[in-house]
Amino acid sequence: MSTYIENLVNAKLRNMKDMKNIYEVGYVSKVKDYILEVVGLEQVGFYERVVIANHSVGYVTSIGKNSVMVALLQRIDAIYVGDEVVTTGYDFCAMYSKAALGHIVDIFGEDRLVGEKFENLRPCMIETPAIPIMERGEVSRPFYTGIAGIDLIYPIGYGQRQLIIGDKKTGKTQIAIDTIVNQKDRNVICIYVAVNKTKKNIRELYDNLMKKGAMEYTLILAAFNDDEPPVSFFTPYAGLSIAEMYMREGQDVLVVIDDLKSHADIHREISLLAGKIPGRDAYPPDIFYTHSRLLEKGCQHKDGGSITILPIVETRGGDITDYISTNIISITDGQLVLSRKNFEKGLKPAINYGLSVSRLGGAVQEANMKKIGAVVRRKFLSYLETKEVYQLANIDEMSPEMQANIEEGERLQERLLQYKFSPRTPDEIKEDFMEVVGDFV
Amino acid sequence: MSETAVGKIISVSELNIQVLINDEKIKYRDILYTNSKGRRIEFEVVEEDGNVISAIPFQNVVGLKKGLDVYKAEHGLEIQYNDEILGKVFDSYGKLLDDSQIEEVHKRNVYNRNLTLEEINLNGGILWTGIKVLDFFAPMQKGFKMGLLGGAGVGKTVLIKELIHNVYTGLNSNSVFVGVGERSREGKELYDEMLSANLLDKMSVVFGQMGENSATRSKAIFSGLTLAEYLRDEKNQDVLLFVDNIYRYVQAMSEINAELSRIPIENGYPANIETAISDVEERINSTPNGSITSFQAIYIPADDVTDQAVLTIQAHLDGQIVLDRKVAEKGLYPAVDVFSTTSKLIDIDKIGERHYRLVEEVLRYYSRYRELEEIIAVLGIDELSVADTNVFYRTRKLRNYFTQPMFVAENYTGIKGELVHIDDILDDVENIISGAYDGIDESNFLYIGKFNAEEYISR
């Protein structure tokens, strides 16, 4: 061991004599999966980008008294204890080029289909400060998804964060895709952030969007599930950074994050590997802040420009009250809950209208849509509840008032059905529902 | 400002900076700062170990290096105050957010105030909120601490806003709103709404919202309290304090605790959770000079009502309003769980016999209804006895009656808000229970103010 340290000291001295210490050099002393311990770096900054053994890239996650911890971002070749680690003087950041719009890219600015980097890449800070309260404007412009159950009952506005939550195979991603497709000719830049997705998933998504002509205005920012976990962890932040850049130019941006449950799991994995103290369900105690600072980037800027975010969360057994789900629900401006039961009954989109919420509600609807929406929502919820309580009762013996309510509810249910890639315009939606509830509006 | 360095940074992580100090005297909660790449980064001392101190940074520490010189700020965390604080918006560290200036300020350390037992004043009149379900099940008194508990997305913030609307605008008394770890969008909306309704002139606002780091989120409440105390102690005012959301303070403390590598208790909470909460709650009290009446939203993580943080905060409350996802799911807002919603005023000597008996009776109906629901799910509604059928239908009317159109929720319901007087509430409840309204369909009780019986008699 003492020769080991002696070697380090000697190497350092040699470097100093050779005037090579413009960039500081340290040595890997421990390799724990993708977390490295590095000794000998005295002048490195927190979050600084470092190069390991001339091939791989990492960044500094903490600076200790005698060593620094480095998380690996790109592992090109094997890393050995004793490999050289060189500082770069730059904070680690993502790279992005505007030419990447319409392509599948990673946070290093590489076109993932072609395998080449774009030209004119510019740095994009991963951790940018929160958008100040006083720079925020009112969220009030309706953002149309083309889905009646959303636009009418649980509406979204430019700058809103609306969670899409549900079990596997309930159509979460489909709702996001439908929304992206519906932005055609609406001058919205869409960023689909894929976290921990399979290559097959992403290829499929790309082909689908291509077919619908939606790739022209869409960027797929993807971390594959065989990328280093820190890359997956940073991808959503990079996505929001890119969105913020567009927003500050006055653009409306839609960001879909698919999905945050995987993101939370990756964060847990990295934190536990780094020896951090776990909290509830073994997630690190800062899991709330991990997602809150990310989703707080969604806003309507007072100078125009907005970031609308549709994060996706996968649940198990339809339980939306688990730790991660409630954490994210408590951050977003509402949630669209998808139910497996409805999906199986063929009631698509499989929205659970009882559990879904839009915290902005009518504030992001145009006056008539708002009036119709409020009536439909009240009547439909009351129908669902009545149906549950009276499911064993004989409908013919009910009061005429109640019979009428049930029939009306069934008609509403019918009109809420909608299949994928069949968007409805706001006027169509209003017309459809006026026929049912017109007398009450 | 002392320009001699007191020490050097020896380690950096996201929320913990360690400094090796010279022989300078440094104490808990002193503020240190350093300059990194032209940025001033401040941190507050939380731990001392010989000549190594740990401190939590207030700003983002990207780019911070080992070996940087550290200086000591003249004072600990302070907030400026004078008469002009009303109508102003501060961040957690007492800086104004709207670029305005306060002239001739006084400054006060945000941690200093402790009340003696002698100073505590318990008296106060009843404070009606005009919200049926609150006034009926959990009436409020001046000087009370009322908690609004609920999981994510069941309506805590809407209710807090409605209370600001009804109580603050009704009383027109001085107020402090503290936003802790909640949405910036909501913060901005509150500010805009108050501004456009010309209501901001009696309210000070402090924001440490969820996009900020945990140090910032944990300090907002102290700055807000200091402002409220100034209004109470020096201006002899009755102050309304709205906190949205006090749970986020504990959450931020957990994050700091973990970064300091202190061993946590269950679910990652800091072991000193009791003290941390008492530090805040014990300052929210009334003195003979003035009162602080507070409404505190409390987030329930993972819908777990036995959560340690929630239980610890609950121990300090005089009353609580509990919001329930199952009620919200049925579209009944405010989504109150009537069984656990209560206050210290629900006492026969305090609210009078009539109100007290009615609360008891209504709860009896609700609990029978809960049992009946299970029976009906198996046997159907036709199998119930006459008495049970009455309980069933009357409770459904009560449930509907206790919904209310709220002023701040007009965007969801499309109905204008209403205030209801407590006498009307008691009359209506009595009539529903006695069967006077048995002939009226339950849907007529949904989202109304007081029930207008004449409308139906004429039919």
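These legends walk you through several close-up views of a predicted model.

**Figure 1. Chain A and how it splits into domains.**
Start with the parts list for chain A: domain 1 covers 2-91, domain 2 covers 95-365 and domain 3 covers 372-440. Taken over C-alpha atoms, the centres of domain 2 of chain A and domain 3 of chain A are 31 Å apart.

**Figure 2. Where domain 2 meets domain 3 in chain A.**
Here, 22 residues of domain 2 of chain A touch 20 residues of domain 3 of chain A. Putting domain 2 and domain 3 of chain A together buries about 1800 Å², with 69% of that area on carbon and sulfur atoms. What about charged pairs? Between domain 2 and domain 3 of chain A there are 0 salt bridges, but you do get 6 residue pairs in polar contact, both residues at pLDDT 80 or more. Sort the residues on the domain 2 side by class and you find 11 nonpolar, 7 polar and 4 charged.

**Figure 3. Chain A meets chain B.**
Now zoom in on the place where the two chains touch. Chain A brings 65 residues to the contact and chain B brings 80 residues. Together, chain A and chain B bury about 6100 Å², and 56% of it is on carbon and sulfur atoms. How many salt bridges cross the interface of chain A and chain B? The rule finds 9 salt bridges there. A salt bridge to look for is the one between A:Asp333 and B:Arg183, with the closest N and O atoms 3.9 Å apart.

Several elements of chain A each give at least two residues to the side that touches chain B: strand S4 (56-63), helix H7 (287-295), helix H8 (323-329), strand S21 (357-358) and helix H10 (367-389). The largest share of this side, 7 residues, comes from H10(A). By class, the side of chain A that touches chain B has 26 nonpolar, 18 polar and 21 charged residues.

**Figure 4. Chain B and its domains.**
Over in chain B, domain 1 spans 7-72, domain 2 spans 78-346 and domain 3 spans 351-457. The centres of domain 2 of chain B and domain 3 of chain B, taken over C-alpha atoms, are separated by 31 Å.

**Figure 5. Where domain 2 meets domain 3 in chain B.**
In this view, 26 residues of domain 2 of chain B are in contact with 32 residues of domain 3 of chain B. These two domains of chain B bury about 2600 Å² between them, 74% of it on carbon and sulfur atoms. Within domain 2 of chain B, look for B:Lys132, B:Phe136 and B:Phe339: they lose the most area to domain 3 of chain B, together 32% of what that side buries. The salt bridge count between domain 2 and domain 3 of chain B is 0, while 13 residue pairs are in polar contact, both residues at pLDDT 80 or more. Helix H1 (132-137) and helix H2 (156-171) of chain B are the elements that give two or more residues to the domain 2 side. H2(B) gives the most, with 6 residues. By class, this side of domain 2 of chain B has 16 nonpolar, 5 polar and 5 charged residues.

**Figure 6. Two rings that meet in chain A.**
Over all chains, the count of aromatic pairs comes to 33. The pair to find here is A:Phe92 and A:Phe234, which counts as tilted because the ring centres are 5.2 Å apart and the planes sit at 55°. A:Phe92 is in the loop between strand S6 (84-91) and strand S7 (93-96) of chain A, and A:Phe234 is in helix H5 (residues 229-248) of chain A, so the pair ties together parts 142 residues apart in sequence.

**Figure 7. A salt bridge that links distant parts of chain A.**
The total over all chains is 65 salt bridges. In this close-up, A:Glu228 pairs up with A:Arg75, and their closest N and O atoms are 3.3 Å apart. A:Glu228 sits in the loop between strand S16 (218-224) and H5 of chain A, and A:Arg75 in the loop between strand S5 (67-74) and S6 of chain A, so you are seeing a link between parts 153 residues apart.

Note on methods
Residues numbered from 1 in each chain as written. Chains lettered and ligands numbered in written order. Predicted model: local features only at pLDDT ≥ 70, side-chain atom pairs only at ≥ 80, totals over all residues. Heavy atoms only, no water. Domains from an automatic or database assignment. Contact = heavy atoms within 4.5 Å. Buried area = accessible area lost by both parts, 1.4 Å probe. Salt bridge = Lys/Arg side-chain N within 4 Å of Asp/Glu carboxyl O. Polar contact = N/O pair within 3.5 Å; in protein donor to acceptor, adjacent residues only side chain to side chain. Nonpolar A, V, L, I, M, F, W, Y, C, P; charged D, E, K, R; others polar. Helix = DSSP H or I, 4+ residues; strand = E, 2+ residues; numbered from the N terminus. Phe/Tyr/Trp six-rings, centres within 6.5 Å; stacked < 30°, edge-to-face > 60°.
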